Structures are given as structure tokens and as C-alpha cells.
Amino acid sequence: MPPPGYTHAIIATRLMVWLAQGGVPAERIAQAVGLRIPGRHGGVGGRIPDLVVWSKAQEDGVWLPVSDVLLVVEIVSPGSEGIDTVTKRGEYATAGIPQYWVVDQDPAQTVTLYHLDGDQYVVRATMPLAWVLNAVPAEYDLG
């Protein structure tokens with residue numbers, strides 16, 4: 001896949017700044033870091049989400065475990081819709097990641113917030129990115 005575009009990068013940056021200004025320590029937020037997740041048939045796979053929030057700082061590494069992940073954010077790029085909204089959603093749910101947000105690059109930059117219910121994600125809310133950025137990160141259990 002080609003690298004993400006400018007709008008994609010700005011969305012990720014806006015979310016990072018919002019999280020940091022809302023009190024989430026910078027060492028618990030990262031863009032484009034590899035996560036080790038359960039793969040097919042019991043193997044181990046990996047994904048590189050657009051944004052990850054952890055409950056505590058992580059040791060340096062290329063592929064980090066998902067045990068402390070609170071949130072994964074994927075920003076949908078043209079051509080990645082199926083992977084971001086179906087494939088990755090299933091993989092992150094299997095990995096036990098409590099929250100998964102998908103940000104569309106439509107005019108409202110619509111965010112769909114999923115929370116883990118058992119072994120699958122359920123939609124918690126859908127709203128424009130501007131609404132998310134007007135809230136306090138603690139409202140989303142990222143604390």
C-alpha cells in the first residue's frame with residue numbers, strides 16, 4: 001500500500017494532540033507501532049495501527065504485545081475500507097483490545113467507536129471527529 005496521505009496524517013496528529021492535552025502521557029500514545037496479535041490457525045501475526053493508546057509505557061521494540069493496549073485507531077484510506085472495517089476489527093477483537101475506533105476520511109471525518117463485548121466489537125457511538133475532539137479523553141476510558 002502507498003503511504004498515507006496528508007489528511008490521514010493530520011487526523012492522526014489531531015488525535016494524538018487531543019489525547020496528550022487531555023492528560024494521557026505521551027509515552028502511552030504512539031503512531032504506526034507494530035502490535036503482535038493472534039494470527040490465523042493459532043499462529044502469531046502483526047498489525048501496524050495508525051494510533052495506539054496503552055495503559056502504561058512500553059519497552060522499546062518493533063512488535064509490541066497487546067496486553068496493555070486500551071485503544072487502537074485506524075484511519076480509513078482509499079482502498080483499505082475492507083481491511084480496516086472487517087479484517088482488522090476481527091483481529092483486534094480476538095486480541096482482546098477493549099476499544100477500536102475507525103475514522104473515515106469523509107467530509108465529517110466520521111469516527112465509529114467500538115467497544116469489546118465478549119469476543120466481538122459493538123458500536124458505542126458514531127460521530128464527527130470534531131465532536132470527539134470537543135470531549136475529554138477520560139470520557140472514553142483512556143485514563
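The structure holds 7 aromatic pairs, a pair being rings of Phe, Tyr and Trp (its six-membered ring) with centres within 6.5 Å, where planes under 30 degrees apart count as stacked, over 60 as edge-to-face and the rest as tilted. This is a predicted model, in which local features need pLDDT of at least 70 and side-chain atom pairs count only at pLDDT 80 or more, while totals for chains, interfaces and linings use all residues. Residues are numbered from 1 along each chain as its sequence is written, and side-chain values use heavy atoms, with hydrogens and water left out.

**Aromatic pairs**

- Trp18 and Trp101 form a tilted pair, 6.3 Å centre to centre with 40 degrees between the planes.
- Because Trp18 lies in helix 1 (residues 6-21) and Trp101 in strand 7 (residues 99-103), this pair ties together parts that are 83 residues apart in sequence; helices (H or I, at least four residues) and strands (E, at least two) are DSSP runs, numbered from the N terminus.
- Trp18 is buried at 7% relative accessibility, and Trp101 is buried at 1% (buried means under 20% relative accessible area, exposed over 50%, partly exposed in between, with a 1.4 Å probe and protein chains only).
- Tyr92, Tyr100, Tyr114 and Tyr121 form one aromatic cluster.

**Salt bridges**

- There are 3 salt bridges, each a side-chain nitrogen of Lys or Arg within 4 Å of a carboxyl oxygen of Asp or Glu.
- Arg47 pairs with Glu91, with the closest N and O atoms 2.6 Å apart, and Glu91 is buried at 19% relative accessible area.
- Glu74 pairs with Lys88 at 3.3 Å between the closest N and O atoms; Glu74 is buried at 1% and Lys88 at 10%.
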